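Thanks for coming. I will take one structure today and go through it piece by piece, so please keep the display in view.

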Amino acid sequence: MKRPQLVSSNALNRLFQAADEARRRLDFQQCVELLERASRLDPANVTLLLNLGHAHGKNFDFAKAEHFFERGIRIAPKKTEAYIAAAIRARDFGSNVLAERYNRLAAEEKDVTPDALVALAENSERMSRLDEAAHFVERSLAVTPNFPGALLVRARLARQAGRLTEAEQILRSFPAVASRDVRVQAGYELGGILD
């Protein structure tokens, strides 16, 4: 049940702006204090709780980060989105363990996104769990065929397995709808294969 907001949105916006300014100055302790004050005023704000967890993580308090992530996820109406948002924030402050945990929880949801599955594939690839990475790539492509991030990981896995022709073919027929970042990564991967 969503609890009512206890203050005006203007007061919250001022706290958010001050917290954002503290974050830009890399004063994460002040950022945490401001977000905690805002959280007491608006305790059912999922995004605020996730951002508070992120601020604690940036302040190297991973236990509190996880605590606020869990609070936000618990009240989130869309669990998959909350898991993914927590994973992105955890990865940003350097906790690959938390990021993987939340991505795995998102992967268990019926409405899992291809991005969450690609994030798991990339993490598995980094950990040299290549069969598991291939599994998440295939699940991502089952959700969204020709998903650029999944195709990029599939090409890297093919290259690592010595299947250079397959990797080159994937990269040469890369979808035009891919984001600029993914297209650049695909270009570098193709260049590495052709060298």
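The largest nonpolar core has 46 residues, and Phe69, Tyr102, Val137, Leu171 and Phe174 are the ones that touch the most other members. Another core lies apart from it, with 14 residues, among them Leu12, Ala19, Leu34 and Leu48. Please note that this is a predicted model.

Let me stay with Phe69. Is Phe69 buried or exposed? Its relative accessible area is 0%, and buried means under 20%, so Phe69 is buried. Leaving out residues up to four places away in sequence, Phe69 touches Leu50, Gly53, His54, Ala86, Arg89, Ala90, Phe93, Leu98 and Tyr102.

I will show two of them.

In the pair of Phe69 and Phe93, the ring centres are 6.1 Å apart and the planes stand at 15 degrees, so this pair is stacked. Phe69 sits in helix H4, while Phe93 sits in the loop between H5 and H6, so the pair ties together parts that are 24 residues apart in sequence. Phe93 has 8% relative accessibility, so Phe93 counts as buried.

In the pair of Phe69 and Tyr102, the ring centres are 5.8 Å apart, and the planes are at 85 degrees, so this pair is edge-to-face. What does this pair tie together? Phe69 is in helix H4 and Tyr102 is in helix H6, so the pair links parts that are 33 residues apart in sequence. Tyr102 counts as buried because its relative accessibility is 0%.

That brings me to helix H6. H6 covers residues 96–107, which is 12 residues. From its first C-alpha to its last, H6 reaches 16 Å, close to the 16 Å expected at 1.5 Å a residue. Which residues of H6 are buried? They are Leu98, Ala99, Glu100, Tyr102, Asn103, Ala106 and Ala107. When you look at that list, remember that an α-helix has 3.6 residues a turn, so residues three or four places apart point the same way. The cover over the buried residues of H6 includes helix H4 (62–75), helix H5 (79–92), helix H7 (114–126) and helix H8 (130–143).

Glu189 lies in helix H11, residues 180–194. With a relative accessible area of 12%, Glu189 is buried. Beyond its neighbours within four places in sequence, Glu189 is in contact with Leu152, Arg156, Arg159 and Leu171.

Arg172 lies in helix H10, residues 164–172. Is Arg172 buried or exposed? The relative accessible area of Arg172 is 55%, and exposed means over 50%, so Arg172 is exposed. The side chain of Arg172 makes a polar contact with the side chain of Glu168, at 2.7 Å. Setting aside neighbours within four places in sequence, Arg172 is in contact with Leu190 and Leu194. Arg172 and Arg139 are 33 residues apart in sequence, and their C-alpha atoms are 22 Å apart in space.

That is the end of my part.

Terms used. Residues are numbered from 1 along each chain as its sequence is written. This is a predicted model: local features need pLDDT of at least 70, side-chain atom pairs count only at pLDDT 80 or more; totals for chains, interfaces and linings use all residues. Side-chain values use heavy atoms; hydrogens and water are left out. Helices (H or I, at least four residues) and strands (E, at least two) are DSSP runs, numbered from the N terminus. Buried means under 20% relative accessible area, exposed over 50%, partly exposed in between (1.4 Å probe, protein chains only). Contact means heavy atoms within 4.5 Å. A polar contact is a pair of N or O atoms within 3.5 Å; within protein, one must be able to donate a hydrogen and the other to accept it, and residues adjacent in sequence count only if both atoms are side-chain atoms. A nonpolar core is a set of buried Ala, Val, Leu, Ile, Met, Phe, Trp, Tyr and Cys residues joined through side-chain atoms within 4.5 Å. The expected span of a helix is 1.5 Å times one less than its number of residues. Rings of Phe, Tyr and Trp (its six-membered ring) pair if their centres lie within 6.5 Å; planes under 30 degrees apart count as stacked, over 60 as edge-to-face and the rest as tilted.
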